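Take a look at the model below.

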Amino acid sequence: MLSLDALPCGISARVVSIEGMPSVVERMKELGLVEGTIVSVVRRSLFGGTVQLRYGSSTLAVRLPDTVAFYVESVHHTQQVALPEVHAA
Amino acid sequence: MTRQRLRRHIALVGVPNSGKTTLFNALTGARKKVANYPGVTVEPSVGIVQHNAESLALVDLPGVYSLSPKSTDEDITTAALGGTLDRIPPLDGILLILDATNLEKGLFLFSQLASLQKPMLIALTMIDEIKRRGALLDDMTLESQLGVRVVPIVGVKGIGIRELKALLFDPQRWHVPREPLPLDSSPEERVSWARNVVASVLRNDQPDERTERLDQILLHPIWGFVAFAVIMMLIFQSIFTWSQPLMDGIDYAFSVLRQKIVGDSVAPPLLLDFLANGIIAGVGSVLVFAPQIFVLMVLVTFLEDSGYMARAAFLVDRILGVFGLQGRSFIPLLSSYACAIPGILSARMIPSFAERMATMLVAPLMTCSARLPVYTLLIAAFVPERKIGGFLSSQALILASLYVLAAVIGLVIAFVLRRTLLTDDRTLFFIEFPPYRMPQWRNLMVRATMRMQDFVQTAGTIILAISMLLWALASFPRVEPQPHMSAEEYRRMQLEQSYAAQLGRTIAPLFAPMHFDWHVTLGIIGSFAAREVFVSVMGQLYAVGSDDSSNSSLRAAVQEQLAPPVAFAVLAFYMFALQCMSTVAVLRRETGSWKWTVFAFIYMFVLAYIAAVGTYNITHALLS
């Protein structure tokens, strides 16, 4: 398990848990960042901290980990587990 | 009023950036009367949709992701849908916008709206965009899955609008959707349901290539900031150059009007004097800001609609974060350079209390356009014009440095506030990046016009009231004109013996440390209507009969009457003091507390006072 702010850009990972203020965690889920979602960091801002995330066809900028903390795991370890489909490719 | 109640009221709901405003304008028509309900000022606005002989009211609610609100503008939507918002009657139905490029989030919202058990209709937007990406969307399947009518709307041409309008007026074809999920479902369950629906109706959806390419430049660590700087410079440049001719025109029209009313008489009858110098002068000083606010709102709306504003917020988030603010603070601060009122209003999008409050408390420090006439007059009179390096003007340089200094000090104050009074909250910065889109010209015009009207209403009433009060203070007790007196001399004599002058003389000792005499003090009192009133008060006191800051006789009079250290102290005072009563009123409403409003006024006054005393002493020592 890895904190999302440590994930290198362009690598996909799966959200395992979300920690933070309950209302913010709820908002992240409402935006589609629920456990099990495949997410990647597209880019980081110049001074770090704020990142651009991609998941499905959504793009979200979020300041990590001040706003909310995401913990992710490598996609390859648990490939057998059936996931809710994000989009038909 | 009764006709209003007989009309059906339909809520227009959608997630942010779903093309809601475009649809609202297309349905209500840009020229239809758009009324703001009092108490909530900007939103929700209500438009009237006409169809044959019938009409209905469309309530444009701020975009939301869910029905559990996380910011002030989301509160409005949830309250309106729940029927608990003042003055919005119970809603007869919901028109939901689903953005085809952002379907999952829209469906999440649908799953909650369905639980309200109201008749619903869906407008499916951005169909052309999803097609351009090579994806296929099956709107028939979507319709059968959701159990309500889905009307595809194709982009700018507004294909589907006619069908949507017909449906709007046919309650028989509105359906109460069956709840896809029980009311107490978790967000996870809703997301999972939404994903399943998306998977069954959308094929081959790809990220937007054009957006990816643009982001590679506009969000680049170096080129992104270069582009940002260029865009900001263009905005400032256009605010001034585009609005200047209009502002000059309004200024001129109102001075001609006043001249026409009072004519050449030395002492015009009281009523005419009140009309010319109380009411018309007051209306003029409100309207003169309208062009700048309009231009600013067009540009800000352009940046918002194009998708760039979210990127700008991302770029500056970490920098503003150092000072305890965040990326979303950027729009309020930028807007405040034209006027603090739209700036403070746009702070509603900031979800965390402390960051929102800090943003609103420092927004009035940004150099609003009402300060400009004061700056122009004093700089022209007291800063010797030299060319630095052959092309840079020394006066322009001083002016520019006042603008930059205001931002720097505003950030420092925010930093201090976030470590003293507003520590109780953490940073909440997140913002969705919509795909880049070409904004629609009509949209920009309609929204800018609405914001401008809102400004004229909000600021107008207050400025007009204070302007009339100031007129009364300056016109009583009445003084009889002496023979052979010019109109200017008479007005000066009247003013010098008025209650206003007495008030100025009474307060003047407060400003003794920076050597403001009662003339300057009177100018400061006058500025409570709007800061630029300082210029016209000076014009009257020095009997030059002009309120134009670029007028050379006024400049000469100011040069003669004010010692340079005093003039620079006045500049410093105007940089910081919260003299604008309209801003005070908006702060009161948006913070919801007198405590914070009074705090803002006092801290800015103290800051202004210290800066003025300091500036006086430093320049006095340097110049003597």
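## A helix under cover

In α1(A), the buried residues are V24(A), V25(A), R27(A), M28(A), K29(A) and E30(A). Buried means under 20% relative accessible area, exposed means over 50%, and partly exposed lies in between (1.4 Å probe, protein chains only). Helices (H or I, at least four residues) and strands (E, at least two) are DSSP runs, numbered from the N terminus.

This is a predicted model, in which local features need pLDDT of at least 70 and side-chain atom pairs count only at pLDDT 80 or more, while totals for chains, interfaces and linings use all residues. Residues are numbered from 1 along each chain as its sequence is written, chains are lettered from A and ligands numbered from 1 in the order in which they are written, and side-chain values use heavy atoms, with hydrogens and water left out.

Chain A has 1 helix and 6 strands. From the N terminus on, the order is β-β-α-β-β-β-β. Of the 89 residues in chain A, 52% are buried. Just after α1(A), G32(A) has a positive phi of about 100 degrees.

E30(A) sits in helix α1 (residues 22-30) of chain A. Why does E30(A) count as buried? Because its relative accessibility is 3%, and the limit for buried is under 20%.

Leaving aside neighbours within four places in sequence, E30(A) is in contact (heavy atoms within 4.5 Å) with S66(B), S68(B), K70(B) and F108(B). F108(B) is itself one of the buried residues of α4(B). In that helix, 11 of 11 residues are buried.

The table lists side-chain pairs. A polar contact is a pair of N or O atoms within 3.5 Å; within protein, one must be able to donate a hydrogen and the other to accept it, and residues adjacent in sequence count only if both atoms are side-chain atoms. A salt bridge is a side-chain nitrogen of Lys or Arg within 4 Å of a carboxyl oxygen of Asp or Glu.

| Side-chain pair | Kind and distance |
|---|---|
| E30(A) and R27(A) | polar contact, 2.8 Å |
| E30(A) and S68(B) | polar contact, 2.9 Å |
| K29(A) and E188(B) | salt bridge, 2.8 Å (N to O) |

## Where the chains meet

The contact takes 42 residues from chain A and 41 residues from chain B. About 3,700 Å² is buried between the two chains, and carbon and sulfur atoms give 57% of this area. Buried area is the accessible area (1.4 Å probe) that two parts lose on being put together, summed over both. Three residues, R195(B), R318(B) and F430(B), supply 19% of the area that chain B buries against chain A, more than any other three residues.

How many salt bridges are there between chain B and chain A? The count is 6. Polar contacts join 19 residue pairs across the two chains (both at pLDDT 80 or more). Among the elements that give two or more residues to chain B's side are α4 (103-113), α8 (187-201) and α13 (308-322).

## A patch on chain B

I217(B), I222(B), W223(B), V226(B), V230(B) and L234(B) form a nonpolar surface patch with about 600 Å² of accessible area together. Accessible areas come from the Shrake-Rupley method with a 1.4 Å probe; for residues, only the protein chains shown count as cover. Patches are made of residues with over 30% relative accessible area and no salt bridge: like charges are joined within 9 Å, nonpolar side chains (Val, Leu, Ile, Met, Phe, Trp, Tyr) within 5 Å.

Helix α10 (residues 223-262) of chain B gives the most to this patch, with 4 residues. V226(B) is found in α10. At 39% relative accessible area, V226(B) is partly exposed.
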